[in-house]
2 protein chains.
Amino acid sequence: MRRITGLSNPTVKYLRSLRDKKHRRRERRFLAEGLRLLTDARETGHCPETLVMAEGREAHPLLDALVADVEAAGGDVIEVSQEALSKITGKDNPQAVSGVFAEFDTPLSRIDRDAAPLFLVAQAMRDPGNLGTMLRTADAVGAGGLVLVDDCADPFSVEAVRASMGAIFTVPLAQARWDEFHAWLREGPGQLVAASLRESHDYRAAAYAAPCFVMVGNESRGLPEEYEMACDLRVHMPMKGRADSLNAAVASAVLSYEVLARLG
Amino acid sequence: MRRITGLSNPTVKYLRSLRDKKHRRRERRFLAEGLRLLTDARETGHCPETLVMAEGREAHPLLDALVADVEAAGGDVIEVSQEALSKITGKDNPQAVSGVFAEFDTPLSRIDRDAAPLFLVAQAMRDPGNLGTMLRTADAVGAGGLVLVDDCADPFSVEAVRASMGAIFTVPLAQARWDEFHAWLREGPGQLVAASLRESHDYRAAAYAAPCFVMVGNESRGLPEEYEMACDLRVHMPMKGRADSLNAAVASAVLSYEVLARLG
């Protein structure tokens, strides 16, 4: 363990820079924060390269275990002032602990369509909280992966990682343009199902087939018509009120649980 | 329409203060932002007392209709500088428009248990985005209302109102302490169903009965054991992955759509 003093220290600056997408992309590194999330990571075999905590924090056996693992793996354990930690995490929590991980998304070609009866797909999803929530749902339904199509929010942002509740470490995550994804999908078995309002079936009565790829679109615009028309099946959930759509992460979950009940 | 100049104008300060819960509570007023949300409000008969927009914005027929309605109702239509609007809304969007509404939550005694087969209940839900998403889901499943039990996030916060996508204006919303809610529930028919890991039934096989009150708990702690034990039915969704819970708004939606399919 080493101690760093001063707010302008290069390591403090580096850690803080990882809150910014541009720097994450360049470094191919991301932050996960909080003892619970870091313990989830550890239990799934993901050890941070760097672990940062504040001096004067309370001792905790899970934190001790984390420190031992990082040091055994040759990683960097850093103690900073509470002021510097606040600067890194953006929060006034002296118990905060933050870890730096290498990004590890999966090439589309390594998504295994035999691994599970269903997979989740998000197109142009812009809200990192929704994206993290979809990862969490993907874990819960035992999905074989989440594919992010077109320009989605960054799944390695602090907000998405937090909302995933550790699923960022367990769910295979691929990123692709639509043409690339669609071409890959059609190379093998796979039913592409869109949550859609266009000529669609009631989601409780539709015929699902494994491996089933459940796709939702952008929070405001939904899926492009061309994409919906390329799907094998379009389904809708009943909308009994005034609005014509659900929150995208909610729609994905309701549909995924239906598919799981039928194919799982 | 009147024009206000200067950032220290009392009206600008008042509008800005409504982003803060303490001031909202005192004034019993809240903000809804964006032309779409304000049009939703208008279409459901909710007219803002005050409407604020920036000078130099583009004209829009829906905005004109809104202005006419507010003026006809004797409300205040205010034009401010783009700088002042940014100060009020916290955003750099010159097309932004913001409305001030009187709060209108429903006393528990006015929730009509004959109005719908299901109702949603959230206990100690702390995230305003989750709370707004639950309102949106409540609208979608045609719920008779959403009851907020114990200390929840403020449903009239800008974040919750935005996430509700207009459902804040359409879904009856009651707030109560647990003892009060539980006493009211037992005065009449009503099945209380908790999403729970304790001695619970598979949610697809459970026997639901209308009016069914679907309850989820706090994001971190879930429901207190005492509350779960006071329920008529405890159900769980399959959890195929590492985690043992879903996002609270997602859990509520998956369960509500199941109940709707069975009782709707």
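Predicted model: local features only at pLDDT ≥ 70, side-chain atom pairs only at ≥ 80, totals over all residues.
Reader: What about S3 and S4 of chain A, in which sense do they pair?

Author: Strand S3 (residues 50–54) and strand S4 (residues 76–80) of chain A pair in the parallel sense, and the pairing runs over five bridges.

Reader: Ok, stepping back, how many helices and strands does chain A have?

Author: Chain A has 10 helices and 12 strands. Its radius of gyration is 20 Å, which is close to the 18 Å that the globule rule gives for 264 residues, so chain A is as compact as a globular protein of that length. Taken along the principal axes, the C-alpha atoms of chain A fill a box of roughly 60 × 40 × 30 Å.

Reader: And what share of chain A is buried?

Author: Of the 264 residues of chain A, 47% count as buried. As for how the chain contacts itself, among contacts between residues at least 6 apart in sequence, 81% join residues at least 24 apart.

Reader: Which domains does the assignment give for chain A?

Author: The domain assignment gives domain 1 (2–102) and domain 2 (108–263). The centres of these two domains of chain A, taken over C-alpha atoms, are separated by 32 Å.

Reader: How many residues are in contact between domain 1 and domain 2 of chain A?

Author: On the domain 1 side there are 12 residues, and they are in contact with nine residues of domain 2 of chain A. The elements of chain A that give two or more residues to the domain 1 side are helix H2 (21–27), S2 and helix H3 (35–43). S2(A) gives the most to that side, with four residues. By class, the side of domain 1 that touches domain 2 has five nonpolar, two polar and five charged residues.

Reader: New topic: what is on the two faces of strand S7 in chain A?

Author: Both faces of strand S7 (residues 146–149) of chain A are covered, with A:Leu146 and A:Leu148 on one side and A:Val147 and A:Val149 on the other, and these residues are all buried.

Reader: Which strand is joined to S7(A) by four bridges?

Author: That is strand S6 (residues 118–123) of chain A, and the two strands run parallel. Within this pairing, A:Ala122 has A:Leu148 in S7(A) as its bridge partner.

Reader: Moving to chain B, what is the order of its seven-stranded open sheet?

Author: The order in chain B is S8-S7-S6-S11-S9-S12-S10, with parallel pairing. Strand S8 (173–176) and strand S10 (201–202) of chain B are the edge strands, each pairing on one side only. Inside the sheet, four bridges join strand S6 (residues 118–123) of chain B to strand S7 (residues 146–149) of chain B, and the bridge partner of B:Gln123 in S7(B) is B:Val149.

Reader: I clicked on B:Val80, which strand is that in?

Author: B:Val80 is found in strand S4 (residues 76–80) of chain B.

Reader: Why does B:Val80 count as buried?

Author: The cut-off for a buried residue is 20 or more other C-beta atoms within 10 Å, and B:Val80 counts as buried because it has 25 C-beta neighbours inside 10 Å. Leaving aside residues up to four places away in sequence, B:Val80 touches B:Ile4, B:Val12, B:Val52, B:Ala54 and B:Leu85.

Reader: Last one: which rotation superposes chain B on chain A?

Author: A rotation of 180° with 0.0 Å of shift along its axis does so, at an RMSD of 0.0 Å, and that is the relation of a two-fold axis. Where the chains meet, 30 residues of chain B are in contact with 30 residues of chain A. H10(B) gives the most to the side of chain B that touches chain A, with seven residues. Also, 100% of the interface residues of chain B are interface residues in chain A too, so the copies meet through the same surface.

Note on methods: Residues numbered from 1 in each chain as written. Chains lettered and ligands numbered in written order. Least-squares fit on C-alpha atoms with pLDDT ≥ 70 in both. Contact = placed C-beta atoms within 7 Å. Pairing = 2+ DSSP bridges. Rg over C-alpha atoms; globule rule 2.2 N^0.38 Å. Buried ≥ 20, exposed ≤ 12 C-beta atoms within 10 Å, placed from the backbone. Domains from an automatic or database assignment. Nonpolar A, V, L, I, M, F, W, Y, C, P; charged D, E, K, R; others polar.
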